[in-house]
Amino acid sequence: MFSRQARISGFGAGRRIATTARGYDVLRDPALNKGTAFTRQERAALGLNGLLPPAVTTDMEPQLARAYRAYRAAPTDLAKHIYMWRLHDDNVTLFYALLQRHMMDMLPVVYDPVVGEAIENYSEVMTRPRGVFLSIDDPDSVEERLAAFGAGADDIDLLVASDAEEILGIGDWGSNGIDISIGKLAVYTAAAGVDPHRVVPVILDVGTDNEKLLNDPLYIGYRHSRVRGDAYDAFIDAYVTAARKLFPKAMLHWEDFGSTNVRRILDRYRNTVPTFNDDVQGTGAIVLGALINAVERSGASWADQRVVILGAGTAGVGIADQIRDQMVRHGVGRQDAVRRIWLVDLPGLLTDGMGDDLLDFQRDYARPEAEIAQYPRTPCETLPATETRWPAMAGLRAKIASAPGIIDLATVVKAVHPTILIGTSTTPHLFTEAIVRDMASHVERPIILPLSNPTQLHEATPMQLIEWTDGKVLVATGAPFDDVEHKGVTYTIGQANNAALYPGLGFGTIVSRATTVSDAMIFAAAQAVAGQATDTAPGAALLPSNEDLRETSSVVAVQVARKAIEQGLAQEKPDNVVEAVRERQWWPVYNPVEAV
Ligand SMILES: NC(=O)c1ccc[n+]([C@@H]2O[C@H](COP(=O)([O-])OP(=O)(O)OC[C@H]3O[C@@H](n4cnc5c(N)ncnc54)[C@H](O)[C@@H]3O)[C@@H](O)[C@H]2O)c1
Ligand SMILES: O=C(O)C[C@H](O)C(=O)O
Ligand SMILES: [Mn+2]
């Protein structure tokens, strides 16, 4: 990703870079390269005369203009994504300066939704490898491979790792999933100012069950089915052990694991390592942020909410846990709070009769059989036999599909009259007009969050929800959507994507060097995001705009670091947390490069 030839002192603007590199070695190092922005003195000292055209453009503007033109000329979103990462190969500073200037345009190209397309086509997208590839085929080499990255113990703040079993809502993409670790880290830098030279993207290749990849001669990963069980756990442990040893100050971020592994991994490390799972906790917290504002605007109280969640996997139950805790904060008993949440998945409403077939983190929410005995059952087709992504849920559905049949979403909505409906099912169109109209007929301001990424997987579009509820809905979505006009009101759609939360959560953890990431730190992050969407006019978004991501993330980081200090988890306790966050932020500005 960058070379170690450059030793960088200080943070942010004004730091100096000293290098022993000369000539092409300077230009080929994306951390050092400034292209035409090298001054005449730097060109002379670094042996660049003759290797650059004569124009000297130290204020970056002409470079930004050139790069933006090239970006616009790329014919498709995927071509734009590839262009951006080629630019990054060339000049990291210019990449982030461009991204920051055109955040609303470019974030969806570098990150979600286009990152999903890039992962599906990664053999075309990959040019220069980025990050670290670890393999379960060679668990003894984990430390050696991480060490090959070339960073010292004090050089790394953050690692993002994925085993790519459940990328967004598009399933298993094996080693191609390195691009989600890379994309998440780009957002950390663009949003929060995490130094892009102090991070490591990691892919944990445990094989893939994706037949398409296994049969693709261009596939870049290991060609065998996913390894599970003890060997899997030992491999994860080898990664954590090596990462902790080599980079003892770094935070570990987990991304896009499958629902049968995700909680076990999180629970194993959360009390001893500075770590969080973005899909469980980051998502839970950004959704809670949106709901804090939605419930307030609905005029109802937290104690009166009834919540239906479609898709009871990693994200769905992560969200349920945050909602449960929020109800408890508002005086509801824990068991009562659990009873106000209904989880619906492939087998329909989850009930306690499903017993051991449920995933461990779902069990608390299973409805008592006695309660649902009278609910009508719907016979339904089972999934195609090839469906392997959710064996537990698909198996349960197959068991009950024809007799007695499942209790489907429409039935649950009819019976429960939810105030909040959330979609994390990876399946488009499941919030049908009939279901939404039914919900809206029983509640003044239905709160509906279709969250399945990428865009085309959303359970409904904001335009549909606004139309079907005649503008009464309070809506936020996982992917970015344009404003919707309805009866003279402009509805701005807040994006409930964890990208608005995890960068600040991670940066606050880094700045305070917290030893763990506590529930209170996560709640502080949710409150901090919610507090920044203050416009309550009709149609106003429930969350702050991504245009303001730097601002939002800074506030989140400050609140998270303060909470870590307050809870005694911080190893660094600056008197002025705001100043400490500001000082540590990396900005895409050119700094002087000195020859040594
Ligand atoms: N907006 C965000 O910030 C955000 C964050 C995390 C995840 N997500 C999205 O949420 C979705 C789920 O992600 P995850 O990590 O929880 O995946 P997961 O695999 O852990 O969970 C998906 C669940 O959906 C269920 N499901 C599949 N088809 C269904 C159907 N037809 N009806 C009901 N349930 C069905 C599966 O059985 C599984 O339990 C993805 O599309 C992902 O992109 C969004
Ligand atoms: O990556 C995203 O856009 C959000 C989330 O982490 C997801 O898995 O969908
Ligand atoms: Mn994710």
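The structure described is a predicted model, and its backbone at Leu-168 has a positive phi, near 40 degrees, in a residue that is not glycine. Ala-164 is buried, with 30 other C-beta atoms within 10 Å. Most residues other than glycine have a negative phi, and most peptide bonds are trans.

One runs from Asp-112 to Pro-113, with omega near 15 degrees, and Pro-113 is situated in the loop between α6 (103–110) and α7 (114–120). Another joins Asn-453 and Pro-454, with omega about -10 degrees, and here Pro-454 belongs to the loop between β12 (447–450) and α21 (462–468).

At the level of the whole protein, the division is into domain 1, covering residues 59–273, and domain 2, covering residues 304–493. The centres of domain 1 and domain 2, taken over C-alpha atoms, are separated by 30 Å. Contact between the domains involves 13 residues of domain 1 and 16 residues of domain 2. On the side of domain 1 that touches domain 2, the residues comprise four nonpolar, five polar and four charged.

Helix α14 spans residues 278–298 and has 21 residues; from its first C-alpha to its last, α14 reaches 28 Å, which is close to the 30 Å expected at 1.5 Å a residue. Of the 21 residues of α14, 18 are buried, and the helix is accordingly described as mostly covered. Gly-299 follows α14 and has a positive phi, near 80 degrees.

The surroundings of the ligands draw on several of these parts. There are 30 residues around ligand 1, of which Gly-169, Gly-313, Ala-315, Asn-453 and Gly-478 come nearest. The elements that contribute two or more residues to this shell are α14 and α15 (314–329). Sorted by class, the shell around ligand 1 contains eleven nonpolar, 16 polar and three charged residues. Ligand 1 lies between domain 1 and domain 2, because both domains give residues to the shell around it. Around ligand 2 are found Asp-112, Leu-168, Asp-256, Asp-278, Asp-279, Asn-453, Gly-478, Asn-497 and Asn-498. This shell around ligand 2 consists of one nonpolar, four polar and four charged residues. The list for ligand 2 therefore includes Leu-168 and also Asp-112 and Asn-453, residues already met above in the account of phi values and cis bonds.

An open sheet of mixed pairing is formed by seven strands in the order β10-β9-β8-β11-β12-β13-β16. Its edge strands, β10 (348–349) and β16 (494–495), each pair on one side only. Strand β9 (residues 341–345) runs parallel to strand β8 (residues 307–310), and four bridges join the two. Within this pairing, Val-308 stands opposite Trp-342 in β9, while Ile-309 has Leu-343 as its bridge partner in β9. Toward β10, by contrast, the direction is antiparallel, and two bridges connect β9 with β10. Asp-345 has Gly-348 as its bridge partner in β10, and a hairpin through two residues joins β9 to β10.

In a regular strand the side chains alternate between the two faces of the sheet. In β9, Ile-341, Leu-343 and Asp-345 point one way and Trp-342 and Val-344 the other, and all are buried. Since five of the five residues of β9 are buried, the strand is largely enclosed by the rest of the structure.

Val-125, in helix α8 (residues 122–125), provides a further local case. When residues up to four places away in sequence are not counted, Val-125 touches His-81, Ile-82, Ala-118 and Asp-179. The C-alpha atoms of Val-125 and Leu-78 are separated by 8.4 Å, although the two residues are 47 residues apart along the chain.

Notes
Residues are numbered from 1 along each chain as its sequence is written. Chains are lettered from A and ligands numbered from 1 in the order in which they are written. This is a predicted model: local features need pLDDT of at least 70, side-chain atom pairs count only at pLDDT 80 or more; totals for chains, interfaces and linings use all residues. Two strands pair if DSSP finds at least two bridges between them. Domain bounds come from an automatic or database domain assignment. Two residues are in contact if their C-beta atoms, placed from the backbone, lie within 7 Å. The expected span of a helix is 1.5 Å times one less than its number of residues. A residue is buried if 20 or more other C-beta atoms lie within 10 Å of its own, exposed if 12 or fewer, and partly exposed in between; C-beta atoms are placed from the backbone. A residue is near a molecule or strand if its C-beta atom, placed from the backbone, lies within 6 Å of it.
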